[in-house]
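Could you take a look at this structure with me?

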Amino acid sequence: MSQIFHHSTNTFTRITLFGAVFILGFLGWVMFTLNGSDYVTRATQAREQPVPFSHAHHVGGLGVDCRYCHTTVETSGFANIPPTKTCMNCHSQIWNTSPTLEPVRASFRTNQSIPWTRVNDLPDFVYFNHSIHVNKGVGCEVCHGRVDKMPLMYQYNTLQMEWCLNCHRNPEKYVRPREFVTTMGYQPAGDQEEIGRKLVAEYKIQDARTLTSCSTCHR
Amino acid sequence: MADEPQVIDQPASKEIIAPGYTFGTVTDQIAAVVLTKKTPPLFWLGSFAVGFGLLLLFLLAVAILMVKGLGIWGLRSPAMWAWDITNFVWWVGIGHAGTLISAILLLLNQQWRNSINRFAEAMTLFAVACAGMFPVLHLGRPWLMYWLFPYPNTMAIEPNFRSPLVWDVFAVSTYATVSLLFWYVGLMPDLATLRDRTTDRFAKFFYGILSMGWRGSAKHWAVYETASLLLAGLATPLVLSVHTVVSFDFTIGIVPGWHSTFFPPYFVAGAIYSGFAMVLALAIPLRSAYNLKGLITDKHLDNAAKVMMATGLIVGYSYILEAFTGWYSGNVYEEAAIWNRMTGMYKYHYWTLVACNVIAPNALWFKKIRSSPVILFIWSIIVLIGMWLERFVIIVASLSQDNLPSSWGRFESTRWDWATYLGTIGLFLFLFFLFIRLLPMISIFEVRTLLPQAKVKEEQPR
């Protein structure tokens with residue numbers, strides 16, 4: 001009787017069987033890496049905006065405080081986009097004929113908001129309150145990155161749950177004194193963990209068990 | 001040299017294989033079912049058609065479930081577990097007989113298992129496949145079922161290991177894996193037989209791949225024996241542990257009627273009880289349709305019926321114990337739960353299950369009934385219905401009337417409950433009859449060891 005399979009089938013089978021473990025493991029690793037990558041999360045990708053507003057120029061160059069425009073970040077659950085009027089405070093006087101700023105002036109004339117593209121957008125099944133984070137000493141740059149170095153705005157972090165929990169599990173690694181919340185390039189005056197632990201106590205930040213309870217964020 | 005092996009004319013145990021078989025005829029008869037080029041018998045065609053039809057119904061039911069959500073089932077507060085979990089427990093339980101036959105009876109050296117272990121193990125696999133459907137579909141978003149496993153993820157969370165539902169995931173997936181391995185390892189020598197016997201090129205290739213180069217050398221057999229014993233050792237605790245963990249789904253909850261310490265043994269006994277009923281319900285028509293009465297003899301049916309009766313009596317004892325516990329606890333909620341079961345909204349279900357699981361098995365004391373295949377077949381169907389009702393009553397009756405009377409409500413099944421349930425029966429029949437057609441339903445080489453020719457005298461030392 002002739003052989004059904006060539007002799008090489010033995011080697012092929014062995015490689016397939018033992019290799020399967022590694023191939024599956026590798027595929028798992030690829031999936032995991034891809035899932036947290038900028039390609040999927042769209043982090044570090046600058047978004048197209050109707051007006052090419054530069055945080056690098058306004059914050060880094062001119063030193064405008066975050067709260068000059070984003071007025072509600074300390075008091076509201078939602079961090080606001082400034083109204084066109086805020087832009088016109090300055091731009092009615094300077095660069096008031098620049099063609100780049102025409103959409104801003106058009107918005108001011110017609111009373112229609114500028115259709116900004118939202119950059120940091122959490123999923124709708126997450127309850128997120130902006131003010132509590134600012135008031136408990138989470139600096140702007142911790143989540144938003146060095147905004148003073150971004151010519152066009154991009155999302156700095158993954159915004160994945162893993163990233164949220166990093167801080168909710170160990171807030172002392174990230175908190176800073178309230179007066180430095182809007183500081184860009186903040187350096188702790190001493191050991192961060194030590195200062196962090198003090199601030200956690202002082203600001204009455206809840207324990208990790210409460211902070212990581214499902215219903216803290218998924219209400 | 002020693003004498004030629006002495007050939008004994010009579011089988012060692014006449015009852016488990018009919019006289020007159022030889023190594024050749026055993027192989028011929030079992031392999032012919034698979035290798036025949038003729039149209040399969042009407043029994044096969046009919047059963048396969050029914051299975052395939054119901055499988056299509058299942059696909060429809062699942063598609064509608066995906067589109068519309070769990071509301072198409074009768075799930076309404078307070079009974080958020082109903083047919084789905086009932087069916088899950090029922091199917092997992094049925095699987096247990098296959099593992100008991102293949103593993104525990106192997107370790108106990110019960111030779112009669114050799115003729116029924118193959119299809120019983122196949123039954124286990126397919127029953128577990130059907131069972132697995134329900135908890136996954138019941139998730140609501142079944143496409144996220146991989147969240148049940150602890151895997152590295154961007155959410156930085158793991159399943160809650162304090163939940164018995166997670167234990168279930170591990171219990172059932174371990175069970176499915178070990179059962180599959182055990183079944184496949186046991187199939188290998190027979191697959192090689194089919195490979196060598198078939199004349200079809202494609203079949204040769206197909207069985208050739210699956211038999212993994214089995215040549216039947218002494219070394220192969222030595223490895224096979226070790227592997228099969230090891231797997232039997234692995235599978236044996238699973239017979240007890242899987243349904244124990246399933247019962248934890250209920251006992252860990254503080255619902256009156258669920259929160260009981262005797263659920264694990266009670267569930268395991270019930271599982272084997274219903275499993276042997278399914279073995280009988282499959283074996284009796286199969287051996288008639290394929291003329292296998294010489295291999296699956298009346299003795300096999302008798303033994304299976306005895307196991308069914310023994311476990312049925314344990315189940316009956318558990319019902320008595322359940323009622324006793326309710327009364328003895330002195331707890332009004334426990335008492336009320338038992339009383340509601342017996343006299344409440346589901347009293348007809350309850351008393352039917354008592355008839356099926358407490359009264360019916362006692363008929364099996366009589367040899368006349370155990371030796372009549374037709375009656376045994378009817379009895380096994382009664383048992384299967386009884387065990388389904390048992391799970392239904394435990395789950396739904398307890399949930400419908402729990403501690404908070406203001407939220408009491410009656411569960412009403414919908415046509416989609418029926419469609420999904422009948423659909424998994426279709427899936428089971430579809431897989432099972434494919435198996436009958438494509439793989440040897442009885443273990444050829446193990447049945448050959450039952451023949452008198454297989455008994456050789458030890459070589460005398462010179």
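Modeller: Before we start, residues are numbered from 1 along each chain as its sequence is written, and chains are lettered from A and ligands numbered from 1 in the order in which they are written. This is a predicted model, where local features need pLDDT of at least 70, side-chain atom pairs count only at pLDDT 80 or more, and totals for chains, interfaces and linings use all residues.

Colleague: How many helices does chain B have?

Modeller: Helices (H or I, at least four residues) and strands (E, at least two) are DSSP runs, numbered from the N terminus. Chain B has zero strands, and its number of helices is 15.

Colleague: What is the radius of gyration of chain B, and why does it agree with a compact globule?

Modeller: The radius of gyration is taken over C-alpha atoms, and the globule rule is 2.2 Å times the number of residues to the power 0.38. For 462 residues, a compact globule would be near 23 Å, so chain B agrees with its 24 Å.

Colleague: Is chain A a compact globule or more spread out?

Modeller: Chain A has twelve helices and zero strands. For its 219 residues the globule rule gives 17 Å, but the radius of gyration is 25 Å, well over that, so chain A is more spread out.

Colleague: What share of the residues in chain A is buried?

Modeller: A residue is buried if 20 or more other C-beta atoms lie within 10 Å of its own, exposed if 12 or fewer, and partly exposed in between, with C-beta atoms placed from the backbone. In chain B, buried residues make up 43% of the 462 residues. In chain A, with 219 residues, the share is 12%.

Colleague: Where does α13(B) bend?

Modeller: This helix covers residues 373-400 of chain B, and 20 of its 28 residues are buried. A bend is the angle between axes fitted to the seven residues ending at a residue and the seven starting there. For α13(B) the angle is about 25°, at B:V393.

Colleague: How far apart are the C-alpha centres of domain 1 and domain 2 of chain A?

Modeller: Domain bounds come from an automatic or database domain assignment. Here domain 1 is 1-35 and domain 2 is 55-81 + 116-217. Their C-alpha centres are separated by 47 Å.

Colleague: How many residues does the contact take from chain A?

Modeller: Two residues are in contact if their C-beta atoms, placed from the backbone, lie within 7 Å. Chain B gives eight residues, and chain A gives ten.

Note on methods:
Expected span 1.5 Å × (residues − 1).
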